[in-house]
Amino acid sequence: MKKIIINNPSRFVFGNGSLKQFVDDFLERGFKRMFLLTIPVLDKTLSPYLAQLTTGGVAIEVYNRITNEPTFAEFEKVLALARNFQADAVVGIGGGSVLDTAKLVAAQIRNTQTTEEITGIGMLKERKTYLACLPTTSGTGSEVSPNAIFLDESDQEKKGVISPYLMPDAAYIDPILSAGVPPAVTAATGMDAFAHCLEAFVNRFAHPVTDRYALDGMQLIFQNLKKAYDDGSDLDARANVSLGSVYGGMCLGPVNTTAVHALAYPLGSKYKVPHGLSNAVILPWVMEFNLPAATEKYARVAKAIGITGCQSEEEYAQAGIRAVRELMKSIGIPAKLRELGIPENALEDMAVSALKVQRLLKNNVREVTLEDALEMYKKAY
Ligand SMILES: [Fe+2]
């Protein structure tokens, strides 16, 4: 069996009460200056916990203005604030954009490498500052992944900083933090998590270790996402989708995603479609494209998400793709790119842009040419 290396946070806390555990752990570790990246809607939820930290002698600087799909320029601004504050710990409580920014701030606060020098796979050489991540959306899996993705405004491309040093020291996943996430965001980020699992499972570098996570993740998301969408206060459903998201995140480091994410990036970088929604809309079209190269794997996906009674692997695989489309429809995700405000004459440029994401396309079970990418966009349009 081929080798696989998995990095996980050294402390992983999951379930009800995780937020309280974070506070207790933080105080016990003795940090004094917390730079906290978060979002304004959490003010009320976080306030008693932050008060406890302040009482315990922790100075907290809060930054809560990170936009969706942050740029490197925004990151530099936040980094300057964290340096100025002389933070000895960085904490992210929010969605993927907040966590990705927190991860890079923690890495760069005491690093002499420039942002340009660390962009890419394995370029970041160290992280000296403690980093804890607490996700609100159940999708990106950023709390357990070595990735941070930003928009480079100079060429309008999404770029990744990927390094084991971006793995948080601690991740705390408390369903209470996702209770306030609106249904549309729950739907889109949940499908992003599903895509992480599916793309890691149907992947040229798939591995039995991550296959297990991926299959369980897909099952958990499939069985619980609609419940979490229909009733955001259903904390059991929330926790199950969060676990699916964690499993997806665990696949991102060792195996990572494929053509779904590669083709989704231009939607975000050029048309500001949120990451989760971009991936959700692209997902079934790439599944269809890949099907001839991975029928057996797609059949296993179909069985994992609960499909029974088909006569052949081909039938199972097709039924799986149909079920993904039905789930998406039931949670209000558009089926077509035209519904996202993308002009039809943009598809060629998007295909050129997607082909640049070779770091992910190299994982795809079927080679994707420029013509293939354009064809998929046209079908999806
Ligand atoms: Fe993603």
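Trainee: How many bridges join strand 7 to strand 8?
Mentor: This is a predicted model: local features need pLDDT of at least 70, side-chain atom pairs need 80 or more, and totals for chains, interfaces and linings use all residues. Residues are numbered from 1 along each chain as its sequence is written, and side-chain values use heavy atoms, without hydrogens or water. Strand 7 and strand 8 (residues 157-162) run antiparallel. The number of bridges joining them is six.

Trainee: Which residue in strand 8 does aspartate 152 stand opposite?
Mentor: Strands are DSSP runs (E, at least two residues), as are helices (H or I, at least four), numbered from the N terminus. Strand 8 is paired antiparallel with strand 7. In strand 8, the residue opposite aspartate 152 is glutamate 157.

Trainee: In what order do the three strands of the open sheet with mixed pairing run?
Mentor: Two strands pair if DSSP finds at least two bridges between them. The edges are strand 5 (120-121) and strand 7, since each of these pairs on one side only. The sheet is open, its pairing is mixed, and its order is 5-8-7.

Trainee: Which strands are the edge strands of the six-stranded open sheet?
Mentor: That sheet has parallel pairing. Its order is 1-9-6-4-2-3. Each edge strand pairs on one side only, and the two are strand 1 (11-14) and strand 3 (59-63).

Trainee: Which residue in strand 9 does phenylalanine 12 stand opposite?
Mentor: Strand 1 and strand 9 run parallel and are joined by four bridges. Strand 6 (residues 130-135) also pairs with strand 9 in the parallel sense, over two bridges. From there, cysteine 133 stands opposite alanine 171. The strand 9 residue opposite phenylalanine 12 is likewise alanine 171.

Trainee: Are the residues Ala170, Ala171, Tyr172 and Ile173 of strand 9 buried or exposed?
Mentor: The cut-offs use relative accessible area with a 1.4 Å probe and protein chains only: buried is under 20%, exposed over 50%, partly exposed in between. Both faces of strand 9 (residues 170-173) are covered. Ala170 and Tyr172 lie on one side, Ala171 and Ile173 on the other, and all of them are buried.

Trainee: How many of the five residues of strand 2 are buried?
Mentor: Strand 2 (residues 33-37) has parallel partners. Five bridges join it to strand 3, where leucine 36 stands opposite valine 62. Four bridges pair it with strand 4 (residues 89-94), where the partner of methionine 34 is alanine 89. Strand 2 is mostly covered, and its count of buried residues is four.

Trainee: Which helix gives the most residues to the lining of the largest pocket?
Mentor: A pocket is an open set of points on a 1 Å grid over the protein atoms alone, where a 1.4 Å probe fits, with protein on both sides within 12 Å along at least five of seven lines; lining residues have an atom within 4 Å of a point. Several elements each supply at least two lining residues, among them helix 4 (96-108), strand 7 (147-152) and helix 9 (259-271). The top contributor, with seven residues, is helix 6.

Trainee: How much space lies in the second largest pocket?
Mentor: Its lining has 23 residues, with Ile121, Leu252, Gly253, Pro254 and Val255 nearest its centre. Domain 1 and domain 2 each supply at least three of the lining residues. The space in the second largest pocket is about 530 Å³.

Trainee: Why does alanine 264 count as buried?
Mentor: Alanine 264 is found in helix 9. Tyrosine 377 is 113 residues away in sequence, but the C-alpha atoms are 9.9 Å apart. Alanine 264 counts as buried because its relative accessibility is 3%.

Trainee: What separates the C-alpha atoms of glutamate 76 and isoleucine 176?
Mentor: Glutamate 76 sits in helix 3 (residues 72-85). Glutamate 76 counts as partly exposed, because its relative accessibility is 37%. Isoleucine 176 is 100 residues away along the chain, and the C-alpha separation is 31 Å.

Definitions and conventions
Points joined across faces, edges and corners; volume = space filled by probe spheres on them. Domains from an automatic or database assignment.
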